[in-house]
Amino acid sequence: MPAIPSDPNPDSSLALLADGYTFMAKRRRRLGSDIFVTRLMLRKATCIVGDEAAEFFYGGDRFTRQGAMPPTTVRLLQDKGSVQQLDGLAHRHRKLMFMSFMTPGSIQKLVDAMVDQWNSRIPTWESMDEVVLHHEVQEVLCRAVCTWAGIPLSEQSAKKRTREFTTMVDGSGTVFPQTVWGLLLRARNLRWAEGVISKIRSGHPRVPAGSPAHVIAWHRDLDGELLDTKIAAIELVNLLRPTVAVDRFVTFAALALHEHPECREQIVGGDGDALEHFVQEVRRYYPFFPFMGGRAMGEFSWRGHHLPRGSWVILDAYGTNHDPRIWDDPNLFRPERFRHWDGSAFNFIPQGGGDFATGHRCPGEWAAIELMKGAVRQLTTAMEYEVPLQDLSIDLSRMPAIPKSRFVIGNVRQIEHEAA
Ligand code: HEM
């Protein structure tokens, strides 16, 4: 079998931190190959890209997530004992619990909760000279998802929880000091979540039966046992934290509306699919989740290259979403490209690919899409605002990325709609 082209650096961890989202693309160009081997944190890693690579990565039970990410990233994003760290039947059983929160009715309630929170903040934004949208939307989403999950937050707790969730996400792809800060706040956040689970289990009357927090607290694993309190807390956080992280997509959506005013017109003009295509293009075009890692559970070959059991394989999600063989002019923001998208589970993977129930594809994908649509409706029909001069550049070496200014708006005015 042909040898896999190899990055000559003895270790490329620092280069990864310097190049960020473009790390793999640069090396693919240099080596002229869709697959190459590099060393990260002194471990051999095989990097792949494209729809066939995504099918290989997500299309069968080939890769475990155990030992597939740096330990700090795992702890800040999913954590030990979480659904993502499970395989086989145990994974499917736990995943079903997550998918049970994602019915259309349940997602609509989440979006309604977000719209309520958003509308209640507009009068405050009207009185502010400058509103940092990224930060405001974080708190809106945090209050909304906690209310939806059955655990409405007090004023003080809403601020603390928002800080914890967002700091964890912010520190997940970087190094000191953000990572350390993320880990410290994660510890406080888990203590809070463990308290929530314990209260529910001791019959706390204000958490409604059937609400997501209640379901997680009373979930039984395949062995029929309740989850350990800590694991239940981890899964509660795994529902709440990434929902708050949708604020990044919302911030990018606001940026796209600003930079492409014609999109705003199409959305407001009521072109039926314009909103859907717009949010999909935001998820494709802007940098969020850079890559996914897995460790081979058997011996495999891909495109004639041999991958022994235990190989660490990294799929370039950002690279696949910008692959010119899949997307014409991938570096142009063009929502109408989604008119002709074939709906493949492997060529558009901002939140993973493959099957939701049996694989590791993100269970929150539909919720993220609907929350983004709700937020874009708010930005286009519930309020007017100005966008002052600011640094809107996006540093691709920073993972996860965000516009430098965090998207500042001013002169916010609520749009009054006449009662029907
Ligand atoms: C904010 C936007 C989001 C992004 C960019 C994102 C990204 C991802 C990605 C790429 C994966 C797959 C990782 C892998 O293959 O190992 C994943 C898995 C996961 N996501 Fe999300 N996600 C988002 C929102 C959400 C939401 C709203 C939820 C709430 C339910 C969620 C919960 C999870 C969980 C529990 C997993 C693990 C699934 C499994 O291993 O089977 N995510 N996410």
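The following dialogue asks how terms apply to this predicted model.

Student: What are the ground rules?
Tutor: Residues are numbered from 1 along each chain as its sequence is written. In this predicted model, local features need pLDDT of at least 70, side-chain atom pairs count only at pLDDT 80 or more, and totals for chains, interfaces and linings use all residues.

Student: What makes α13 roughly perpendicular to α16?
Tutor: The axes of α13 (residues 261-268) and α16 (residues 365-382) cross at roughly 90°. Axes are lines fitted to C-alpha atoms, for helices over the stretch in contact, with angles from 0 to 180 degrees between N-to-C directions. Roughly perpendicular means 65 to 115 degrees. So α13 is roughly perpendicular to α16.

Student: Which residues make that contact?
Tutor: Arg264, Ile267 and Val268 of α13 meet Val376, Thr380 and Thr381 of α16. Contact means C-beta atoms, placed from the backbone, within 7 Å.

Student: How do you know the span of α9 is close to the expected one?
Tutor: Helix α9 (residues 178-201) has 24 residues. Expected span is 1.5 Å times one less than the number of residues. That gives 34 Å, and α9 reaches 34 Å from its first C-alpha to its last.

Student: Which α9 residues are called buried?
Tutor: Among them are Leu185, Ala193, Val196 and Ile197. Buried means 20 or more other C-beta atoms within 10 Å of the residue's own, with C-beta atoms placed from the backbone. The buried residues of α9 pack against α4, α8, α10 and α11.

Student: What does Leu236 touch?
Tutor: Leaving aside neighbours within four places in sequence, Leu236 is in contact with Ala193, Val196, Ile197, Ala213 and Ile216.

Notes. Two residues are in contact if their C-beta atoms, placed from the backbone, lie within 7 Å. Helices (H or I, at least four residues) and strands (E, at least two) are DSSP runs, numbered from the N terminus. A residue is buried if 20 or more other C-beta atoms lie within 10 Å of its own, exposed if 12 or fewer, and partly exposed in between; C-beta atoms are placed from the backbone. Angles under 35 degrees count as roughly parallel, over 145 as roughly antiparallel, 65 to 115 as roughly perpendicular and the rest as oblique.
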